[in-house]
Amino acid sequence: MSILVNKKTRLLVQGITGKEGLFHTEKMINYGTRVVAGVTPGKGGEWVMNGKVPVFDSVKIAKNATGANTSVIFVPARFAADAIFEAADSGVELIICITEGVPVHDMMRVRNYLDQKDVRLIGPNCPGLLTPSEAKVGIIPGNIAIPGNIGVVSRSGTLTYEILFALKNLQLGVSTCVGIGGDPINGTNFIDTLMLFQEDPDTEKIVMIGEIGGTDEEQAAEYISDHVTKPVAAFIAGRTAPPGKRMGHAGAIVQGGTGLAEDKIKALKKARVKVAKHPEEIPSLL
Amino acid sequence: MKLHEYYSKKRFAEYGIPIPKGEIAESPQEAQKIAKKLAGPVVIKSQVLVGGRGKAGGIKLAQDPKEAFQHAKDILKLTIKDLPVRKVLVDQAADIKDEIYLGITNDRSARKPVIMASAEGGVDIEEVAHKTPEKIIKCHIDPLLGLQSYQSRDLAAGIDLSRDHWRVFGKIAQGLWQAYIGSDATLAEINPLVVTGEGELLAVDGKMVLDDNALFRHPDLEKFRDLDIDKKTEIKAREYGLSFIQLGGNIGCMVNGAGLAMTTMDIIKLFGGEPANFLDIGGGASSEKVAAALEIILSDSNIKVILFNIFGGITRCDLVAKGILEALKHVKTDVSMVVRLEGTNAAEGRQLLKDASMETADTLAEAAKMAVAAAKE
């Protein structure tokens with residue numbers, strides 16, 4: 001078992017004919033993910049992946065024709081909000097937006113619109129999801145994790161790969177890895193994901209990887225102490241980050257005294273979460 | 001991207017917000033000319049992107065054009081918090097009766113814009129928020145609906161603004177909202193919004209911060225970027241599409257991924273070293289990017305050692321290793337290097353580097369310890 005994506009996922013790729021879209025569609029298919037359709041406006045009727053995946057002009061047409069239930073977005077930042085709105089209006093249940101650099105005003109509108117609908121967004125600016133041996137939706141390398149009972153949730157990309165790989169090297173497997181993304185406003189946060197892991201019978205332990213900026217980790221800590229009975233280990237990046245500077249991720253910034261790594265670590269420790277000093281310590285804390 | 005007071009206020013004026021008459025000057029002569037044209041007392045204001053300009057002597061009142069010349073001359077010589085004053089704004093002085101704060105920013109945890117007003121204007125609003133949070137009236141705005149008139153009235157009533165001013169205050173709040181939306185701002189702020197002796201409202205100071213990710217929608221605003229607030233290395237890195245921040249230590253960091261780059265800085269510090277920079281070279285770690293990044297890191301003469309920390313996921317580590325070796329052919333340096341490669345084909349990648357007699361590490365902790373030791377040699 002797992003959360004969000006699995007063998008039943010019928011995936012649609014928005015921006016499938018672009019360079020990134022094609023590249024990662026191939027990787028997802030090779031992993032065993034069921035990619036049933038692609039969307040690029042103006043290219044409906046074409047086929048990609050050696051004639052295995054049909055391309056449609058709109059998400060709605062693609063969904064009706066193929067029964068897709070999940071959409072992953074690989075379009076440039078300026079078109080990302082439109083792509084998310086289109087996916088949400090088509091009736092798919094889950095949208096994963098990989099795109100980095102989406103304007104924050106777009107994300108405020110997206111998030112407030114999606115809150116009125118029965119649809120979940122992961123990202124943007126995220127590596128996507130991986131349920132080892134079942135489905136890979138996004139750009140997480142498939143070979144760095146094995147199936148198991150550890151749920152992983154993270155705001156980061158390569159840092160998460162590090163941790164997945166370290167777990168794999170110790171033969172520790174993962175139920176699902178969720179990259180929630182490094183933007184200040186995203187579709188799914190730590191609490192949402194912790195809730196899903198807590199309910200998932202096959203997730204027994206949880207790894208949470210946070211970073212400076214915002215107060216999501218502090219809120220998650222409160223949620224953990226009230227609602228999460230499964231053991232949680234965490235790592236927070238950015239202890240040495242100077243205030244007022246954006247550390248690569250749009251959301252990774254200490255502003256007006258909030259978003260400090262120390263505050264997050266303190267809050268997590270108070271919630272009896274084991275916090276690693278560096279990422280290689282994580283497996284030993286589980 | 002931060003906008004100077006002058007451009008922020010000009011932008012506000014385009015959205016119907018009343019601002020004092022004024023112009024920008026780059027010399028005392030220009031300041032004198034503007035003061036003459038405005039007639040009457042003027043305020044000479046340094047245009048630098050830091051707080052505390054007044055305390056640093058960067059804002060002065062001049063009674064006549066001659067005094068304007070002198071003040072402009074003094075202020076243009078100043079360096080405020082490491083920033084040289086290159087321009088001054090010469091504004092008609094306002095007859096200030098009351099000072100209000102009015103600002104709109106993104107509330108990250110509410111995922112909505114928030115508009116804030118306070119009767120305690122003209123001072124550092126973060127200090128007011130810290131000491132007397134009850135003096136700030138806040139109202140979240142639905143980004144799909146925009147600012148509603150009743151919300152402006154609630155703010156006006158909340159700060160005990162006289163009812164005579166509610167209509168104009170509402171217009172100003174609406175203008176600020178439009179300026180915030182129309183510029184993709186993350187902050188649009190009037191501090192102070194002044195009630196004058198004549199009973200008018202006037203935006204005496206203004207500030208805007210724009211979302212860098214949205215600048216593609218505002219190509220006209222890019223030219224207002226003040227490069228003085230960024231370090232030269234950071235500007236160069238931006239040209240190469242690299243995310244780079246200089247920190248001041250002596251261990252250079254070259255990492256793929258922002259989270260991993262922060263982690264690398266943290267672990268250097270954890271083992272007793274001082275990271276020199278944050279640097280995310282992105283996914284592929286191509287030889288061109290590595291070469292550009294090396295040049296940027298090495299332009300800091302304090303650098304004793306460079307720590308490469310690359311996780312090869314989709315890009316195989318042997319290819320990353322080849323990229324690093326290729327880049328080192330083009331960048332001459334005798335600074336020591338420690339490389340830590342992990343992920344797909346890591347063993348092959350490490351072997352390639354060892355064959356080229358580079359120091360490699362198996363774990364991040366080991367790499368950090370090696371770099372710290374090398375920096376202390």
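I took two strands as paired if DSSP finds at least two bridges between them. Helices (H or I, at least four residues) and strands (E, at least two) are DSSP runs, which I numbered from the N terminus. The model is predicted, so I kept to its thresholds: local features need pLDDT of at least 70, side-chain atom pairs count only at pLDDT 80 or more, and totals for chains, interfaces and linings use all residues. Residues are numbered from 1 along each chain as its sequence is written, and chains are lettered from A and ligands numbered from 1 in the order in which they are written.

**Entry 1: strand E13 of chain B**

I looked up the partners of E13(B), residues 206-210. Strand E1 (residues 2-3) of chain B pairs with E13(B) in the antiparallel sense over two bridges, and Leu3(B) stands opposite Met208(B). Strand E11 (residues 185-196) of chain B is joined to E13(B) by five bridges, also antiparallel; there I found Ile190(B) as the bridge partner of Gly206(B). Four of the five residues of E13(B) are buried (20 or more other C-beta atoms within 10 Å of a residue's own; exposed means 12 or fewer, partly exposed in between, with C-beta atoms placed from the backbone).

**Entry 2: an open sheet in chain B**

I traced four strands in the order E2-E7-E3-E4 of chain B, forming an open sheet with antiparallel pairing. Strands E2 (22-25) and E4 (59-62) of chain B each have a single partner strand, so one side of each lacks a neighbour in the sheet. From one strand to the next the twist averages 20 degrees. Between E2(B) and E7(B) (residues 88-92) I noted four bridges, with Gly22(B) opposite Asp91(B). Helix H2 (residues 28-38) of chain B packs on this sheet and touches E2, E3 (42-46), E4 and E7 of chain B; contact requires C-beta atoms, placed from the backbone, within 7 Å. The direction of H2(B) makes about 15 degrees with that of E7(B), where axes are lines fitted to C-alpha atoms, for helices over the stretch in contact, and angles run from 0 to 180 degrees between N-to-C directions.

**Entry 3: a helix pair in chain A**

I examined helix H3 (residues 77-90) and helix H4 (residues 104-114) of chain A, which pack at about 10 degrees with axes 10 Å apart. That makes H3(A) roughly parallel to H4(A) (under 35 degrees; over 145 is roughly antiparallel, 65 to 115 roughly perpendicular and the rest oblique). H3(A) contributes Ala81(A), Ile84(A), Phe85(A) and Ala88(A), and H4(A) contributes Asp106(A), Arg109(A), Val110(A), Tyr113(A) and Leu114(A). I sorted these residues into seven nonpolar, no polar and two charged (Ala, Val, Leu, Ile, Met, Phe, Trp, Tyr, Cys and Pro are nonpolar, Asp, Glu, Lys and Arg charged, and the others, Gly among them, polar).

**Entry 4: the contact between the chains**

The contact takes 45 residues from chain B and 48 residues from chain A. On the chain B side, the largest share, 11 residues, comes from H8(B). I classed that side as 21 nonpolar, 13 polar and 11 charged residues.

**Entry 5: Lys245 of chain A**

I located Lys245(A) in the loop between strand E13 (232-237) and helix H8 (261-270) of chain A. Lys245(A) is partly exposed, with 17 other C-beta atoms within 10 Å. Leaving aside neighbours within four places in sequence, I found Lys245(A) in contact with Ile253(A) and Ile245(B).

Conventions. Two residues are in contact if their C-beta atoms, placed from the backbone, lie within 7 Å.
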